[in-house]
Structures are given as structure tokens and as C-alpha cells.
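Open the model in your viewer and keep the selection tool at hand. The tour moves from one stop to the next.

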Amino acid sequence: LVAKYPWDMKNKFGSWPYVAEMVADVAPGFGANPDEIILSRNTTDGLCSIINGLHFEPGDVILTTHHEHIAATSPLNVVKHRFGVEVVEIQLPVFTGIEEVTQQDYIEAFREAIEAHQNVRLIVFSHITYKTGTALPAKEICSLAKQHQIPTLVDGAHTVGMFDLDFHDMDCDFYAGSGHKWQCGPGATGILYVRDNGNRLNEYWSDRDNPLWLINSSLSHADHLGKQLQMQYIGNDNYPAKQALVESCKMWDEIGRDRIEARILELSLQCKTQLSYALPDAKMYSPNVEGLMSGLTTFNPLSDVTDKERLTLFRDRLREEYGYIVRTTSFKVHKDDAHQTHALRISTHLFHDERDVDGLVEAIVDLYYSF
Ligand SMILES: Cc1ncc(COP(=O)(O)O)c(C=O)c1O
């Protein structure tokens, strides 16, 4: 419609009041003010806008983890080479099905890293790691960072649409998420949260004239407009896609984001429990513990977890012969490991039910015994 009626495109969709209406619709569902929400293109776009926009200097340290997605590691690598920043990967505790892990283990890993390094300027971590589907205690990590006056940038690719997020309560500085994953919005849509117009960043980084440069903006010069409007404007945009994202957010709010989170975790628990029961020797990498659990279940039923080829064949046969689509992930349990561990990753969402989980577990078991 927008393409058919260019007059409307210019006068309605391209106009600021229209964008203001969209962010006002989205913000309350995420515990944010409208002027803290930018409708971005995706998580990568949000992470890159912030990481590449921050004013780093040689000798600065950025803390991140050994289980980040390339959407974060790639821009971190750029600032490492561009500014001489030291990027330190924290060894995350990884559940391997034997010893329980707790939220406190994750908090301690961040605390130790903060205390071991001088001049930490930023902490970047995934709210849910895409490798093992572990949910990190984001609020506690942000609180720890705040005590040390370090800004936080959270990769929320999997949480937007899965968890009942409240950015003010979490008290992060930046949060980048996807609209096209668990939020079920159209492709190339995302949500970027920038806390309180970045004021706290000015306080933490009072030694830098301009801590955040808005490089991904056609209004980077217009400070008087505020960060939200400046960051939102990146030239001609795909407003119909953004409107569709807004509609999906409104639908989620109507259903209740707390109910959605509870349902996703319920199905995830069923999936983890049934898999562990049916295949007790399989390696489970997603903790089955409240507070660390997400809608992702990462596990490997095969005896050699380093054999990527065989697991890929298992994944492909699961789709071709049984109709279930899951993906594979690869990660190092310990960051110094010489080998990668490979696993299947299952997503259980709102449009699934108990029978789907039963069917998937049955299919995995059936395939396993004939494999
Ligand atoms: C943890 C994590 N971060 C970032 C991304 C990139 O997401 P997007 O496609 O929204 O940029 C992904 C995608 O799979 C992811 O799993």
C-alpha cells in the first residue's frame, strides 16, 4: 500500500509523528519510555550502532563472554584493531549435564573479571546464549556493572518476544534485540533500547567529550532532537515492516508477555525433562534450573560430541524423515578447549503445544535407535 501511494509514504509513514506513535505503542511492553526505543533492523544493527559509535581509546578494556554471537564479536574485533582496545572473554560456566550451575556462578564470573581488570569501559553479554540456550542473570550483572560505573550492552536476540522484559528494572544501558525471531515480526526488524538518552554514559565517561557518536544516522548532527530521533533516522526506511513489528508487539502485549514467557518455559521444561528421561546418556547443555532456563534446549544424543558431520546428518534426517526442524550449534565448553562441542538446538514457542514436544522427543528417540 505504501509503495502504491507515495503521497502517503511521504506524508504519513515518513513523518516523525508517525514514528513517535509506533515507539509509543512498543515501549510500555518492554518497560521503557518511548524516547528510549529505536526500531532497528535487527540485533546486529543495534549492537554495531552502539559498539561502533562508542568513543574508545587505547588501553580501554571491554569485557564479554566466550559464548557471544558474531553479531557482537565482529564489531568488538573492529574496535580492538581500530582503537587498541583490549577485549577480554569471560569464561562462562557451561552446564554439561553433570554439575548443577547457579545464577551466582555467572555473577561471580563477571565479578572476578571486573575486579581483575582496570579501565573496563563496557560489558557486552548475551541475555540468552545462542549456543547453549542458557539465560544469564542480566539484572544482577547490570547491577554489578553499575556499582563499577561500567555501561552494559545486552545482546537480546532471543529474549525479545520470549521473555517479559523490563529494561528499566534490568537497568542496562543498551539492549539490542531482534523483531524477527521470538517476537515473530517481519524480517530485518529489531528493537534497540538506549537508556535515558545516554545520560548515565556521559557520567561514567566524563573524560570523553562525546561518548556516543551516532554513526548510523542521517541526523547525527542534530543533538537538539535527542538520541531516539537521531538514531531512528537512517535515511529512507521500511516503515511497513516496522509497523508490522509494532502490530506483533501489540499482540504479544495483549496476550500478556508474562504468560508468553511462562508458556515457553513450561514447554521447554517438558522438552528438557522428557529428553533427559528418554535418553539418559545424551549430553544436555541447557540448564534445567529456574532463572537460567530459556525456550532453547541444546543437547547431543550421540556419544561423540565432537563429531559434527554425524550430528548434522542426524539433524537432516530428523527433518527429512520426521518433519522436525532443529538447528545445530557449536561451542567450546572451556575457552581453551582444542575442540568444538556440537549439539542440536530445539526452540519451543507459543505456537507449539505438548503434543509437538511429545512428537519431537519420540522422533529423536526413534531416529537415535536406528542411527
Ligand atoms: C545471540 C545472537 N545475537 C545476535 C544474533 C543476530 O541476530 P539478528 O539477525 O537479529 O541480527 C543472533 C542470531 O541468530 C543471535 O543468536
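Start with E247, which is partly exposed at a relative accessible area of 38%. Here buried means under 20% relative accessible area, exposed means over 50%, and partly exposed lies in between (1.4 Å probe, protein chains only). The side chains of E247 and K250 meet in a salt bridge, 3.7 Å from N to O. A salt bridge is a side-chain nitrogen of Lys or Arg within 4 Å of a carboxyl oxygen of Asp or Glu. Because E247 and K250 sit three residues apart in helix α10 (residues 239-255), about one helical turn separates them. Helices (H or I, at least four residues) and strands (E, at least two) are DSSP runs, numbered from the N terminus.

Before going on, a note on the model. It is predicted, so local features need pLDDT of at least 70 and side-chain atom pairs count only at pLDDT 80 or more, while totals for chains, interfaces and linings use all residues. Residues are numbered from 1 along each chain as its sequence is written, and side-chain values use heavy atoms, leaving out hydrogens and water.

The whole structure holds 21 salt bridges.

Select D237 and K242. Their side chains form a salt bridge of 3.0 Å, N to O. Are these two buried or exposed? D237 is buried at 12% relative accessible area, and K242 is buried at 3%.

Move to R195 and D171. Their closest N and O atoms are 3.3 Å apart, in a salt bridge. The pair links distant parts of the chain, 24 residues apart: R195 is in the loop between β7 (190-194) and α8 (199-204), D171 in the loop between α7 and β6 (174-178). D171 counts as buried, at 17% relative accessibility.

Last stop: the largest pocket. Select H127, L136, F163, E261 and G291, which lie nearest its centre among 19 lining residues. A pocket is an open set of points on a 1 Å grid over the protein atoms alone, where a 1.4 Å probe fits, with protein on both sides within 12 Å along at least five of seven lines; lining residues have an atom within 4 Å of a point. Which helix gives the largest share of the lining? α6 does, with three residues.
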